[in-house]
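The notes follow the order in which I checked things.

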Amino acid sequence: MARTVNTGARDFKDIIENNDFYVDKTDFIKEWWENRDTVTLITRPRRFGKTLNMNMLNYFFFKSCRQKRYDITSNRESGDGRYDVMLLPLETGKDAMILEFKTCDTANEKNLKDTVKAALQQIIDKKYAVSFEAKGVDRSKIRIYGFAFSGKEVFIDGGYMNDYENSHLTAESKFL
């Protein structure tokens with residue numbers, strides 16, 4: 001029986017259970033683990049397999065395929081735009097996460113801190129959290145993270161969405 005090339009797979013478990021053909025990226029885990037990087041930024045074009053790699057790591061570090069902790073999606077419509085990556089907890093009461101990645105735009109931003117601020121504000125302005133809320137995730141359990149990069153420089157900040165909204169409306173944000 002011929003094996004299927006599943007180009008739209010987002011879940012590592014499905015690939016394994018269906019015996020689909022895929023490019024084995026498990027060496028990524030070894031390389032990532034041995035580098036002992038504080039931050040790993042995976043920037044690749046759409047449909048390259050970023051979500052699948054994150055999903056594979058999710059299974060690798062959290063016991064077995066039957067005990068996956070998050071449903072990981074990327075580049076989907078939500079609210080008024082497209083988020084970069086979302087992690088929906090499969091266990092009720094756990095934190096959900098929205099990740100927004102941005103390249104520093106020197107025409108509009110002074111530094112990476114400004115780029116992260118723009119990423120966090122985009123999450124709020126475009127209402128990316130509506131898909132979590134529609135699935136019953138309490139707004140107080142949604143974390144947001146902005147990733148900014150310029151060349152090899154990376155700046156990351158974020159936290160609970162409610163805290164960001166409250167601090168952003170008052171004085172200087174504790175996030176930035």
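What follows are my notes on a threonine, its helix and the neighbouring sheet, all read from a predicted model.

I began with T115, which I located in helix α4, residues 112–125. Its relative accessible area came out at 0%, so I noted T115 as buried, the cut-off being under 20%. Leaving aside residues up to four places away in sequence, I listed K102, T103, C104, D105, E109 and A148 as the residues that T115 touches.

I then went through the helix itself. α4 has 14 residues and spans 20 Å from its first C-alpha to its last, close to the 20 Å expected at 1.5 Å a residue. Besides T115, the buried residues of α4 include L112, V116, A119 and L120. At the N-terminal end I found N111 as the cap, with a side-chain oxygen 3.1 Å from the backbone nitrogen of K113. After α4 comes K127, and I noted its positive phi, near 55°.

Next I turned to the sheet, which is open, has five strands in the order β1-β4-β5-β6-β7 and shows mixed pairing. β1 (70–74) and β7 (153–160) are at the edges with a single partner strand each, so one side of each has no neighbour in the sheet. The twist averages 15° from one strand to the next.

Within the sheet I followed β5 (residues 96–103) and β6 (residues 142–150), which pair in the parallel sense over eight bridges; T103 stands opposite F149 in β6. Finally, I recorded that α4 packs on this sheet, touching β5, β6 and β7, and that its direction makes about 145° with that of β6.

Methods: Residues numbered from 1 in each chain as written. Predicted model: local features only at pLDDT ≥ 70, side-chain atom pairs only at ≥ 80, totals over all residues. Heavy atoms only, no water. Helix = DSSP H or I, 4+ residues; strand = E, 2+ residues; numbered from the N terminus. Buried < 20%, exposed > 50% of the residue type's maximum accessible area, 1.4 Å probe, protein only. Contact = heavy atoms within 4.5 Å. Pairing = 2+ DSSP bridges. Axes fitted to C-alpha atoms, helices over the stretch in contact; angles between N-to-C directions. Expected span 1.5 Å × (residues − 1). Polar contact = N/O pair within 3.5 Å; in protein donor to acceptor, adjacent residues only side chain to side chain.
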